[in-house]
Amino acid sequence: MMQVHFFAAARAAAGTAELSVAPNEIDSPTLGSLIAHLGRELTGTTPSGLTLAQVMEQCSFLINGTRSDADAPLTDGDRVDVLPPFAGG
(Lines give C-alpha, C1' and ligand atoms only; values in the text may rest on other atoms or scores of the structure.)
Protein backbone atom coordinates (compact mmCIF):
# COMPACT_ATOMS: atom_id res chain seq x y z
CA MET A 1 0.00 0.00 0.00
CA MET A 2 1.07 3.56 -0.71
CA GLN A 3 0.31 6.13 1.97
CA VAL A 4 -1.01 9.48 0.73
CA HIS A 5 -0.90 12.44 3.14
CA PHE A 6 -2.90 15.58 2.39
CA PHE A 7 -2.13 19.03 3.77
CA ALA A 8 -4.06 22.33 3.99
CA ALA A 9 -6.56 22.80 1.11
CA ALA A 10 -5.80 19.31 -0.23
CA ARG A 11 -6.83 17.89 3.15
CA ALA A 12 -10.04 19.90 3.09
CA ALA A 13 -10.95 18.75 -0.42
CA ALA A 14 -9.96 15.12 0.22
CA GLY A 15 -11.95 15.04 3.45
CA THR A 16 -9.14 13.21 5.20
CA ALA A 17 -5.56 13.74 6.32
CA GLU A 18 -4.33 10.47 4.85
CA LEU A 19 -5.37 7.35 3.04
CA SER A 20 -3.91 4.17 1.63
CA VAL A 21 -3.93 3.28 -2.06
CA ALA A 22 -3.01 -0.15 -3.39
CA PRO A 23 -0.72 -0.06 -6.42
CA ASN A 24 -3.24 -2.12 -8.41
CA GLU A 25 -5.87 0.64 -7.95
CA ILE A 26 -4.04 3.00 -10.32
CA ASP A 27 -3.59 2.70 -14.08
CA SER A 28 0.22 2.77 -14.02
CA PRO A 29 2.84 2.97 -11.27
CA THR A 30 3.46 6.72 -11.60
CA LEU A 31 2.67 9.79 -9.57
CA GLY A 32 0.60 11.19 -12.44
CA SER A 33 -1.60 8.11 -12.45
CA LEU A 34 -2.08 8.39 -8.69
CA ILE A 35 -3.00 12.08 -9.02
CA ALA A 36 -5.59 11.26 -11.70
CA HIS A 37 -7.00 8.42 -9.56
CA LEU A 38 -7.33 10.65 -6.49
CA GLY A 39 -8.99 13.40 -8.53
CA ARG A 40 -11.61 10.93 -9.81
CA GLU A 41 -12.23 9.09 -6.55
CA LEU A 42 -12.30 11.92 -4.00
CA THR A 43 -15.11 14.28 -4.91
CA GLY A 44 -15.27 16.57 -1.89
CA THR A 45 -14.52 20.28 -2.05
CA THR A 46 -12.78 22.96 -0.04
CA PRO A 47 -14.92 25.56 1.77
CA SER A 48 -14.43 27.80 -1.28
CA GLY A 49 -15.72 25.08 -3.62
CA LEU A 50 -12.49 23.78 -5.18
CA THR A 51 -12.33 20.06 -5.91
CA LEU A 52 -9.31 17.99 -5.00
CA ALA A 53 -8.44 17.75 -8.71
CA GLN A 54 -8.42 21.57 -8.92
CA VAL A 55 -6.34 21.91 -5.76
CA MET A 56 -3.81 19.33 -6.96
CA GLU A 57 -3.19 21.36 -10.13
CA GLN A 58 -1.37 23.84 -7.85
CA CYS A 59 0.31 21.32 -5.54
CA SER A 60 3.82 20.06 -5.08
CA PHE A 61 4.27 16.35 -4.43
CA LEU A 62 6.86 14.54 -2.36
CA ILE A 63 7.58 10.85 -2.69
CA ASN A 64 9.36 9.59 0.40
CA GLY A 65 10.42 13.18 1.16
CA THR A 66 11.74 14.01 -2.33
CA ARG A 67 9.98 16.50 -4.59
CA SER A 68 8.66 14.59 -7.59
CA ASP A 69 7.03 15.19 -10.98
CA ALA A 70 4.09 13.35 -12.54
CA ASP A 71 6.31 10.84 -14.35
CA ALA A 72 7.99 9.71 -11.12
CA PRO A 73 7.61 5.98 -10.45
CA LEU A 74 5.73 4.68 -7.44
CA THR A 75 6.18 1.40 -5.60
CA ASP A 76 4.37 -0.40 -2.83
CA GLY A 77 5.22 1.20 0.52
CA ASP A 78 5.85 4.72 -0.81
CA ARG A 79 4.65 7.79 1.07
CA VAL A 80 3.23 10.59 -1.08
CA ASP A 81 2.70 14.06 0.41
CA VAL A 82 0.28 16.42 -1.35
CA LEU A 83 1.38 20.00 -0.58
CA PRO A 84 -0.66 22.99 -1.77
CA PRO A 85 1.07 26.37 -1.85
CA PHE A 86 1.30 27.73 1.67
CA ALA A 87 0.86 31.41 2.45
CA GLY A 88 3.97 33.06 3.80
CA GLY A 89 6.25 30.16 3.04
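Where does Asn-64 lie? Asn-64 is in the loop between strand 3 and strand 4; helices (H or I, at least four residues) and strands (E, at least two) are DSSP runs, numbered from the N terminus. This is a predicted model, in which local features need pLDDT of at least 70 and side-chain atom pairs count only at pLDDT 80 or more, while totals for chains, interfaces and linings use all residues. Residues are numbered from 1 along each chain as its sequence is written, and side-chain values use heavy atoms, with hydrogens and water left out.

- An open sheet is formed by 5 strands in the order 2-1-5-3-4, with mixed pairing; two strands pair if DSSP finds at least two bridges between them.
- Strand 2 and strand 4 (66–68) each have a single partner strand and stand at the edges, so one side of each has no neighbour in the sheet.
- On average, neighbouring strands of this sheet are turned by 30° against each other, direction ignored.
- Strand 1 (residues 2–6) and strand 2 run antiparallel and are joined by 4 bridges; Leu-19 in strand 2 is the bridge partner of Val-4.
- Strand 3 and strand 4 also run antiparallel, joined by 3 bridges, and Phe-61 stands opposite Ser-68 in strand 4.
- Buried means under 20% relative accessible area, exposed over 50%, and partly exposed in between (1.4 Å probe, protein chains only).

- The largest nonpolar core has 23 residues, of which Val-4, Phe-6, Val-21, Leu-34, Leu-38, Leu-52 and Val-82 touch the most other members. Such a core is a set of buried Ala, Val, Leu, Ile, Met, Phe, Trp, Tyr and Cys residues joined through side-chain atoms within 4.5 Å.
- Helix 2 lies across strand 1, strand 2, strand 3, strand 4 and strand 5, and runs at about 115° to strand 2. Axes are lines fitted to C-alpha atoms, for helices over the stretch in contact, and angles run from 0 to 180 degrees between N-to-C directions.
- Leu-34 is in contact (heavy atoms within 4.5 Å) with Val-4, Val-21, Ile-26, Leu-74 and Val-80, leaving aside its neighbours within four places in sequence.

**Thr-46**

- Thr-46 is placed in the loop between helix 2 (31–41) and helix 3 (52–56) and is buried, at a relative accessible area of 7%.
- Apart from neighbours within four places in sequence, Thr-46 contacts Ala-9, Ala-12, Ala-13 and Val-55.

**Positive phi**

- Most residues other than glycine have a negative phi.
- Asn-64 is not a glycine, yet has a positive phi of about 50°; this residue is partly exposed at 47% relative accessibility.
- Ala-8, in helix 1, likewise has a positive phi of about 50° and is partly exposed, with a relative accessible area of 41%.

**Salt bridges**

- The whole structure holds 2 salt bridges, each defined as a side-chain nitrogen of Lys or Arg within 4 Å of a carboxyl oxygen of Asp or Glu.
- Arg-40 and Asp-27 form a salt bridge through their side chains (4.0 Å, N to O). Arg-40 lies in helix 2 and Asp-27 in the loop between strand 2 and helix 2, so the pair ties together parts that are 13 residues apart in sequence.
- Arg-40 is partly exposed at 47%, whereas Asp-27 is exposed at 68%.
- Asp-81 and Arg-79 also meet in a salt bridge (2.8 Å, N to O); Asp-81 is buried at 10%, while Arg-79 is partly exposed at 35%.
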